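Trainee: Could you take me through one part of this model slowly, as if I were seeing a protein for the first time? I would like one connected answer, please.

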Amino acid sequence: MLTLDNKIKQFGGRMLAQQEAASSRASARLASGKRINSAKDDSAGFQIADRLKTLSFANIQLQRNLQDGISYSQVAEGALGQVTSMVQKMRQLALQAANGSNNTSDRQALNEEYQQLAQEIDRTAYNTQIFGKYPLLPSQQPANENIKNVSTINNVLTNGQTESGLVSGLKSIAYIPAGSTNLTFDLNSFSADDDLELFTADGVHVVGTSIYTDNVWGNNGVSDPTTIKSKFFNAADGYNVNASYDDSSLLSSAGTSTYNGMNITYTGDQHSSGIYTENITIDKATKDLILAVVGSNGVFDITANWDSIGNGESQPLNTPPFGPGMQITATETPVESSDFIQIDKTPARIDDLGLTDTALDPTEKAMAAISSLDGALTTLGSHQGYHGAKMNAMDAISRNAQSHYENNEAARMRIEDADFAMESAALSQNEILSQAATAVLSQANSSGSMALDLLKNSSE
């Protein structure tokens, strides 16, 4: 059986161990500032606090994501503001050119500045970039895919040499890629009525004879936009599906004109004068062009010269990745499409703004340009408003996420953090109890030693 002293020793040792463990926990909590330092401190609380911590990290990242989205729209809106300023200046020039006080030289000078501004708009659109994305470009490059059905000029003709015995008709001869420079075409149709014609892939008639009045078209069953669409504007001849005939920029007689920044010279159709040769020169192709020799199965010779052949419209300004807009997370746990804010592209190139074929000379074109520029300004205003609305939405979500984060952190700290006053008091209490247990053990040990001494003395 255990003696009283042994019982006291066992009890004192157990109490001392408990108090030392409690002191160790209190010291750890005071040192870390955490009530829960491991799962054994509070297994349920540990799981809840860990889940709340994960949610806090998600909240922080959500706010960063939203700030990225705001930055994207800020960059887009800033660039759109610059484009708007340039379009406003272009409208001012158009209004000036439409005034009757200008002569041809004046309008040409105004048009030169106008076209320079147009080029700068495209440069702005292609160079506005953030996070590897281009907010002022369309999602997909509107390349003339069908134009690749026609062989490029350098694969059909040899630079500086005459190709003989070619047959005319209602068909495309070659594709002239954008970027080609200093092009010259000399046609000799001998006694046949064959004509050089230049078109864009979307149906703009740039150089040649009128489909309304020239027999070369009538003999092929073409007399209006409907018949040229059905008989000639097809994929095999390089035309886009939505190609629509437009002769508003047609150079149909001997002279020089400017279209989309290209300076073009044409000798005109000289068959009525008994001359069966024609010539077209282009300083630089700024758009993809389709060359045709339209006739009634006549045989012709053609000589072509050029300095360089371009890459075409499918390779604009180092081919930036057009791609989609931005998807920004709107919740901490995005699953469905509604959990994202979609920031769509706001295209602002000259083509996208409907200003591709605008010019200030002659006066009629300047007047038409005013209407197109007004439409472009409306589009730009809508684009800027769109980005403003998206920024407001993301800012509101960010504020809500910040509030959520603060409340979430407060809940986590109430569960996880240590109460310094309580832990300090517990530490002091445990230290006192430890001292008391140590004293009891010491006294019990001392008491046992005294009893042994008495027994020894009595035996003597």
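Mentor: Happy to! Helix 3 and strand 6 (255-259) each supply at least two residues of the lining of the largest cavity. Keep in mind as you look that this is a predicted model. The structure holds one cavity of 30 Å³ or more, and the volume of the largest cavity is about 60 Å³. Among the residues lining this cavity are Asn111 and Gln115, together with Thr258 and Tyr259. Others in the lining include Ser249, Asn260, Gly261, Asp357 and Lys365.

Now turn to the second largest pocket, which holds about 410 Å³ of space. It is lined by 20 residues, and the closest to its centre are Asn111, Ser257, Thr258, Tyr259 and Asn263. Helix 3 and strand 6 are the elements that give two or more residues to this lining. Which of them gives the most to the lining of the second largest pocket? Helix 3 does, with six residues. Notice that Asn111 lines the largest cavity and is also among the residues closest to the centre of the second largest pocket.

So let us walk along the helix itself. Helix 3 covers residues 104-127, which makes 24 residues. From its first C-alpha to its last it reaches 35 Å, close to the 34 Å expected at 1.5 Å a residue. At its start, a side-chain oxygen of Asn103 comes to within 3.1 Å of the backbone nitrogen of Ser105.

Which residues of helix 3 are buried? They are Arg107, Leu110, Asn111, Tyr114, Gln115, Leu117, Ala118, Ile121, Thr124, Ala125 and Tyr126. Look at how the numbers step along, for instance from Arg107 to Leu110 and Asn111, then on to Tyr114 and Gln115. Here is a general rule to hold beside that list: an α-helix has 3.6 residues a turn, so residues three or four places apart point the same way. Both Asn111 and Gln115, then, are buried in helix 3 and belong to the lining of the largest cavity.

Strand 12 pairs with strand 11 (residues 326-329) in the antiparallel sense, over four bridges, and Ile343 is the bridge partner of Met326.

Methods. Residues are numbered from 1 along each chain as its sequence is written. This is a predicted model: local features need pLDDT of at least 70, side-chain atom pairs count only at pLDDT 80 or more; totals for chains, interfaces and linings use all residues. Side-chain values use heavy atoms; hydrogens and water are left out. The expected span of a helix is 1.5 Å times one less than its number of residues. Buried means under 20% relative accessible area, exposed over 50%, partly exposed in between (1.4 Å probe, protein chains only). A polar contact is a pair of N or O atoms within 3.5 Å; within protein, one must be able to donate a hydrogen and the other to accept it, and residues adjacent in sequence count only if both atoms are side-chain atoms. Two strands pair if DSSP finds at least two bridges between them. On a 1 Å grid over the protein atoms alone, a cavity is a set of points where a 1.4 Å probe fits but cannot get out, and a pocket is an open set with protein on both sides within 12 Å along at least five of seven lines; lining residues have an atom within 4 Å of a point. Grid points are joined across faces, edges and corners, and a volume is the space filled by probe spheres set on the points.
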